Amino acid sequence: MPVLRLNRAELRERVYGCWLGKSIGGTLGGPFEGRRDILDVRGYTTPAGEPLPNDDLDLQLVWLKAVQDRGARAIRAPLLGEYWLNYIPPHWNEYGVSKANQRMGLAAPLSGMYRNDWKHSNGAWIRSEIWACLAPGCPDLAIRFAYEDACVDHGGGEGTFAAMFTAALQSAAFVVPDRDELIRIGLSKIPPDCRVARSIRIALDGYAHDRPWRQVRDRVVADSTDLGWFQAPANVAFVVIGWLYGDGDFGRSICIATNCGDDTDCTAATLGATLGIVSGRGGIPAEWAEPIGDRILTIAVDRGSFSPPATLQALTDQVMQQAPLALGAFPCAVTITEDATDLTDLPEIPLDAEPAARALWERSPYATEHDLVHTRVVLDYLADPEARAGIPFGLRVTLANQMPDPRALELTWTLPEGWTVQPGPVQLVALSHTTPVREVEVEITPAAMSQAVCRGVLQVVAQGRPTVGLIPLLFLNAG
């Protein structure tokens with residue numbers, strides 16, 4: 001079996017380079033966030049000595065805590081949603097929409113999908129480094145984490161595809177140094193017809209035809225007019241523009257990304273982190289590293305509830321403790337070793353494989369997943385979970401056998417008084433070796449809805465098995 005061997009000390013230098021580059025870019029771009037014109041930034045405009053605080057890095061400290069508390073295999077959208085509510089106070093844009101939806105009872109990805117005008121925005125792809133650093137050289141694992149993260153506040157929007165793109169290329173950057181190949185790997189993990197991919201291709205086409213970067217930037221902006229400002233497609237393309245036209249120069253690259261305008265702290269920080277992974281700490285020039293030092297200053301986490309790492313060095317050490325555990329928890333072709341880095345088997349490992357990514361991007365953004373050990377249950381509302389009295393609401397339940405023996409299941413719907421379900425309140429479903437997956441479609445008709453939120457329960461019982469699924473049902477009063 002092919003395997004990539006990463007020397008522990010070299011990997012640590014790349015992880016540290018990631019966080020240092022993130023801090024540098026956030027400090028460079030932070031003062032210009034929201035500017036819609038082309039800028040002329042050539043260096044720091046903040047006092048020397050400390051970095052600017054940046055939510056792009058802050059939120060990743062919370063995700064690290066989740067991994068430390070629960071383990072990498074537990075990283076699923078509902079878990080991260082709970083950590084949002086406990087440890088992340090700001091209500092900015094999609095952050096606030098997601099938290100409000102969760103407090104109503106909507107679990108991810110519904111929390112990121114329902115009435116969220118910011119689902120195409122930047123909140124998720126700016127925090128993908130933690131997943132790349134926990135899955136170095138394993139882009140399919142990195143995008144799995146990134147999807148579970150992003151859908152909490154972006155549902156099935158472009159913000160989620162953007163996070164999958166950046167997580168994939170940053171993960172691959174630990175083993176692939178070539179810029180163009182990394183962008184290609186990132187594109188292989190998102191729908192080819194999504195807006196993020198379209199904006200990136202505009203940047204690539206402009207560069208291939210030797211157009212000035214300002215002209216290419218304007219073409220990206222024009223193509224994104226219908227989405228508006230502060231959205232993921234254009235800003236991810238600005239990262240790519242900085243990378244392409246920076247000609248391998250760290251400072252020039254992050255300055256061009258910043259000078260494209262819009263979400264400047266995010267674009268410069270993500271590009272700085274990516275370049276830090278590729279080159280390691282040693283590739284970041286002193287004139288960029290020394291003025292900001294090693295401290296982490298936070299703005300978006302509740303430090304009264306937990307103690308995040310106070311320095312980039314401490315953050316790197318904590319990530320390095322978790323990375324081997326994350327790699328060992330999944331079937332990854334990467335191992336961390338004290339021996340020399342050995343990438344001999346890299347040609348045999350398809351970093352750009354599409355199937356795992358397609359399975360993620362084709363998930364319904366209106367579906368919640370439930371693991372009963374013996375059976376995986378997917379409850380799909382098919383649309384926003386808004387209901388009206390007397391009008392049938394369709395649901396689809398997908399049942400997948402996760403054990404080698406046949407499965408006999410009983411589904412029982414418990415609904416508010418007067419509500420009905422067709423074809424009936426109880427369904428019997430058999431899963432066999434030849435039919436391990438079955439779909440059940442029902443129509444629920446509400447009675448009078450006097451409350452804003454109406455709840456029910458779907459009980460899933462497997463004959464001869466002790467684990468019972470009690471799956472919450474939630475309907476919002478459309479009236």
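**Terms and values in the predicted model**

Tutor: Apart from neighbours within four places in sequence, aspartate 149 is in contact with Trp63, Leu80, Arg127 and Trp131, where contact means heavy atoms within 4.5 Å. This is a predicted model, in which local features need pLDDT of at least 70 and side-chain atom pairs count only at pLDDT 80 or more, while totals for chains, interfaces and linings use all residues. Residues are numbered from 1 along each chain as its sequence is written, and side-chain values use heavy atoms, with hydrogens and water left out.

Student: Why is aspartate 149 called buried?

Tutor: Buried means under 20% relative accessible area, exposed means over 50%, and partly exposed lies in between (1.4 Å probe, protein chains only). Aspartate 149 has 2% relative accessibility and therefore counts as buried. Aspartate 149 is found in helix H7; helices (H or I, at least four residues) and strands (E, at least two) are DSSP runs, numbered from the N terminus. Between aspartate 149 and threonine 160, 11 residues apart in sequence, the C-alpha to C-alpha separation is 8.4 Å.

Student: What makes arginine 438 partly exposed?

Tutor: Its relative accessibility is 34%, so arginine 438 counts as partly exposed. Arginine 438 has its place in strand S10 (residues 437-445). With neighbours within four places in sequence left aside, arginine 438 is in contact with Val397, Thr398, Leu399, Val429, Ala430 and Leu431.

Student: Which residues have a positive phi of about 45° without being a glycine?

Tutor: Asparagine 93 has such a phi, and arginine 115 has one as well. Asparagine 93 lies in helix H4, whereas arginine 115 is placed in the loop between H5 and helix H6 (129-134).

Student: Are asparagine 93 and arginine 115 buried, partly exposed or exposed?

Tutor: Asparagine 93 has 29% relative accessibility and so counts as partly exposed. Arginine 115, at 59%, counts as exposed.

Student: How do you know that H3 is roughly perpendicular to H4?

Tutor: The axes of helix H3 (residues 77-87) and H4 come within 10 Å and cross at roughly 105°. That angle makes H3 roughly perpendicular to H4, because angles of 65 to 115 degrees count as roughly perpendicular, under 35 as roughly parallel, over 145 as roughly antiparallel and the rest as oblique. Axes are lines fitted to C-alpha atoms, for helices over the stretch in contact, and angles run from 0 to 180 degrees between N-to-C directions.

Student: Which residues make the contact of H3 with H4?

Tutor: H3 contributes Gly81, Glu82, Trp84 and Leu85, and H4 contributes Tyr95, Lys99, Gln102 and Arg103. By class, these are three nonpolar, two polar and three charged residues. Ala, Val, Leu, Ile, Met, Phe, Trp, Tyr, Cys and Pro count as nonpolar, Asp, Glu, Lys and Arg as charged, and the others, Gly among them, as polar.

Student: Which residues of H3 are buried, and what covers them?

Tutor: The buried residues of H3 are Ala77, Leu79, Leu80, Gly81, Tyr83, Trp84 and Tyr87. Their cover includes helix H2 (55-70), H4, H6 and helix H7 (139-154).

Student: Why is H8 called oblique to H9?

Tutor: The axes of helix H8 (residues 158-172) and helix H9 (residues 179-188) come within 8 Å and cross at roughly 140°. That makes H8 oblique to H9. The contact is made by Phe165, Ala168, Leu169 and Ala172 of H8 and by Leu182, Ile183, Ile185, Gly186 and Leu187 of H9. Of these, eight are nonpolar, one is polar and none is charged.

Student: How many disulfides are there?

Tutor: A disulfide is a pair of cysteine sulfur atoms within 2.5 Å, and the count comes to zero. Cysteine 18 is in no disulfide, and its nearest cysteine sulfur, that of cysteine 133, is 3.8 Å away. With a relative accessible area of 0%, cysteine 18 is buried. Cysteine 151 is in no disulfide either, and the nearest cysteine sulfur, that of cysteine 194, is 16 Å away. At 2% relative accessibility, cysteine 151 also counts as buried.
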